[in-house]
Amino acid sequence: MRDWATIAAASVIAALSGLGIGYLLWAWPTNWYTADVSRLGPGAENDLIRYGKDLIVDTPRHIGKSASDPALRFAGNDLACQSCHLDAGLQPFAAPFVSTFATYPMMVNDHVQTLRERINGCMTRSMNGKPLPEDGHEMQALIAYIKFVGTDSPEGVRVAGMGLRPLPTTAEQPDATRGEAVYAKFCANCHKADGQGEKRLTPHVGYTIPPLWGDDSFNAGAGMAKLDYAAAYIHDNMPFGIDYQDPVLTVQQAWDVAAYLEPAFAG
Ligand code: HEC
Ligand code: HEC
């Protein structure tokens, strides 16, 4: 595990990354998290947006390792984008997509990263698979949906709730032994003791509860495999059904359970 002070410094840096991009304060005049595909009318452009949402929600059926069309088996696991990007990218602090279209391309580690590259970053690590062809129908649909989710959101600004909320460090270091007890109490009922969640029965692809580690989950290069990302995500979003305004775990419990999971994340 990385040294505790390094992690504290790194989460400050994470909060400041996306240089040159402004952040709006919480007291927003507009709720940006309201995009709703059911309001869209007919038409080819809207069909592309609808397909994009379907790809986020039902990823394994379309582009997962068991997708019906073998040519589209790009992901190496059966997670959905929505397994992490909750509510199809509309949940604050669950890495939502509201400001994504308006803030890409973005400077990341001295390199200009395009939105296609960012999506393929998740394809290769979070989805443990192959990159989507940059001009393919699936990439176009994902971008059309991400653009739609950000309709009218301010250009060049990351609205409040984007990304993950860096979790403050605590007096006590993260402790995997305490974390094991947190997992048993708050997580195992859904994700199971073996971390493999619950498969969906109909259709036979994907999960109702996604696996947290192993061949059917993200790989060690994924953002979620990092202690500070996992702790922040878990604190603000798990047990499933809560949000950042009403967390169930204490900050310490979130660090501890992330420390318990981290060796499994690393493979
Ligand atoms: C295992 C969890 C996980 C899965 C599955 C996943 N992602 Fe991500 N994704 C993340 C995390 C974590 C971030 C980074 C959040 C941050 O940097 O604050 C991220 C960031 C992104 C971003 C950048 C958003 C922004 O503006 O900050 C895009 C776009 C994205 N993912 C697309 C996808 C797509 C499309 C899929 C499915 C093909 C997918 N992701 C699957 C965890 C995941
Ligand atoms: C009520 C059932 C439930 C409980 C309890 C629960 N989760 Fe989840 N978890 C989910 C579901 C469902 C998703 C995926 C959301 C979706 O598909 O819309 C998820 C997603 C996740 C993810 C991202 C996806 C992945 O596969 O890695 C992580 C990490 C996670 N949960 C960790 C935890 C931890 C740690 C706990 C305990 C503190 C916990 N969860 C408790 C149901 C639950």
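What share of the contacts in the chain with a separation of 6 or more comes from residues 24 or more positions apart? I found 66%, taking a contact as heavy atoms within 4.5 Å.

A note on the ground rules: this is a predicted model, where local features need pLDDT of at least 70 and side-chain atom pairs pLDDT 80 or more, while totals for chains, interfaces and linings use all residues. Residues are numbered from 1 along each chain as its sequence is written, chains are lettered from A and ligands numbered from 1 in the order written, and side-chain values use heavy atoms, without hydrogens and water.

Next I checked the fold. The chain has eleven helices and six strands, which are DSSP runs (helices H or I, at least four residues; strands E, at least two) numbered from the N terminus. Of its 267 residues, 46% are buried, meaning under 20% relative accessible area with a 1.4 Å probe, protein chains only.

Then I went to the iron atom of ligand 1. Its protein donors are His85 (NE2) and Cys122 (SG), at 2.0 to 2.3 Å; donors are N, O and S atoms within 2.8 Å of the metal (3.2 Å for Na, K and Ca), with water not among the atoms, so sites may look incomplete. I noted that His85 sits in the loop between helix H3 (59-63) and helix H4 (86-89), whereas Cys122 is in helix H6 (residues 115-126), 37 residues apart. His85 counts as buried because its relative accessibility is 15%.

Last, I looked at Gly267, in the segment after helix H11 (251-265). Its C-alpha atom is 9.1 Å from that of Asp215, 52 residues apart along the chain.

Notes
Buried means under 20% relative accessible area, exposed over 50%, partly exposed in between (1.4 Å probe, protein chains only).
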